Amino acid sequence: MSESRSLGASFAPDEEPPITRRWIVNGEPREVSFAPLARLLDVLREQLDLVSLKEGCGEGECGACSLLVDGRVQLACLTAAAQLEEGAQLLTAEGLGREELGRRLGAAFAEEGAVQCGYCTPGVLVGSYALLRETPRPDAETIRQRLAGHLCRCTGYTKIVDAVLGAAGPERASASGSMPGAAGRSPGEPR
Ligand code: FES
Ligand code: FES
């Protein structure tokens, strides 16, 4: 177990007293208590069972631990739980189905075969959701750039881009055919 993991949700008697916070998590009020240096990733996984948040790299490189905090994408592995204010609004992949856009994204990922091992998928869905909230009709290049921080070892990214285009609307979905040579390229990689 890494040093940072040991600073998660359990406490030794001689440690600093835990911090208690109440957040709105996927639309529900939740209370958590954690050690002062606990990572948000550990608190959410261990106390709230939000296991869609994955630890890929633990260093901010892979995007597998992505969630929205007050509408902004955040990496739970690099975020101290104590950084989040009382009343913060958190959205993880578990909560995406609460909205039509989240359901549309899930359906498009399934339809396009954009999920293989699935390890990256919750983080990619959260990133895609944030993108479509901000830019409802992105083009393929915008999607690649916005998802560049999400590493996927399985899909070659093309299916992910197509799925986001599909979720954005049929007029955009047809644009995926105009991505010459896109197969195997990372989102955001130069052509
Ligand atoms: S686990 Fe957080 S970015 Fe990789
Ligand atoms: S589907 Fe396996 S890492 Fe992306």
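Colleague: A crossing counts as left-handed when the near helix is turned anticlockwise from the far one by less than a right angle, and as right-handed when it is turned clockwise. So which is it for H2 and H5, left-handed or right-handed?

Modeller: H2 and H5 cross in a right-handed way. Keep in mind that this is a predicted model.

Colleague: Noted. At what angle do H2 and H5 pack, and how far apart are their axes?

Modeller: The angle is about 135°, and the axes are 8 Å apart. Angles over 145 degrees would count as roughly antiparallel and 65 to 115 as roughly perpendicular, so H2 is oblique to H5.

Colleague: Which residues make that contact?

Modeller: From H2 you have Arg104, Leu105, Ala108, Phe109, Glu111 and Glu112. On the H5 side they are Lys159, Asp162, Ala163, Gly166 and Ala167.

Colleague: Let's zoom out. How many helices and strands does the protein have, and in what order do the elements run?

Modeller: There are six helices and five strands. Starting at the N terminus, the order is β-β-α-β-β-β-α-α-α-α-α.

Colleague: And how much of the protein is buried?

Modeller: 40% of the 191 residues count as buried. As for contacts with a separation of 6 or more, 63% are between residues 24 or more positions apart.

Colleague: What does the largest nonpolar core look like?

Modeller: That core has 49 residues, and Leu44, Ala76, Leu125, Ile160 and Val164 have the most contacts inside it. Elements giving two or more residues include strands E1 (19-25), E2 (28-34) and E5 (89-91), along with helices H1 (40-48), H2 (100-112), H3 (121-134), H4 (140-146) and H5 (158-168).

Colleague: Which of them gives the most to this core?

Modeller: H5 does, with seven residues. The core also draws at least three residues from each of domain 1 (5-92) and domain 2 (99-178).

Colleague: Back to Leu44. What does it touch?

Modeller: Leaving out residues up to four places away in sequence, Leu44 touches Leu50, Leu53 and Ala76. Leu44 is also one of the buried residues of H1.

Colleague: Oh, so what about the rest of H1? How many of its residues are buried?

Modeller: Seven of the nine, so H1 is largely enclosed by the rest of the structure. The buried ones are Leu40, Leu41, Asp42, Val43, Leu44, Arg45 and Leu48, and the cover over them includes E1 and E2.

Colleague: What follows H1?

Modeller: Asp49, with a positive phi near 60°. Asp49 is in the loop between H1 and strand E3 (66-69). That residue is exposed, because only 12 or fewer neighbours are needed for that label and Asp49 has 9 other C-beta atoms within 10 Å.

Colleague: Where else is phi positive in a residue other than glycine?

Modeller: Asn26 is one, with phi near 50°. Asn26 is in the loop between E1 and E2.

Colleague: And why is Asn26 partly exposed?

Modeller: Because Asn26 has 19 other C-beta atoms within 10 Å, and a residue needs 20 or more to be buried.

Colleague: Last one: where is Leu78?

Modeller: Leu78 is in the loop between strand E4 (72-75) and E5. With 16 C-beta neighbours inside 10 Å, Leu78 is partly exposed. Between Leu78 and Leu40 the C-alpha to C-alpha distance is 7.8 Å, although they are 38 residues apart in sequence.

How values were computed: Residues are numbered from 1 along each chain as its sequence is written. Chains are lettered from A and ligands numbered from 1 in the order in which they are written. This is a predicted model: local features need pLDDT of at least 70, side-chain atom pairs count only at pLDDT 80 or more; totals for chains, interfaces and linings use all residues. Helices (H or I, at least four residues) and strands (E, at least two) are DSSP runs, numbered from the N terminus. Two residues are in contact if their C-beta atoms, placed from the backbone, lie within 7 Å. A nonpolar core is a set of buried Ala, Val, Leu, Ile, Met, Phe, Trp, Tyr and Cys residues joined through C-beta atoms within 7 Å. Domain bounds come from an automatic or database domain assignment. Axes are lines fitted to C-alpha atoms, for helices over the stretch in contact, and angles run from 0 to 180 degrees between N-to-C directions. Angles under 35 degrees count as roughly parallel, over 145 as roughly antiparallel, 65 to 115 as roughly perpendicular and the rest as oblique.
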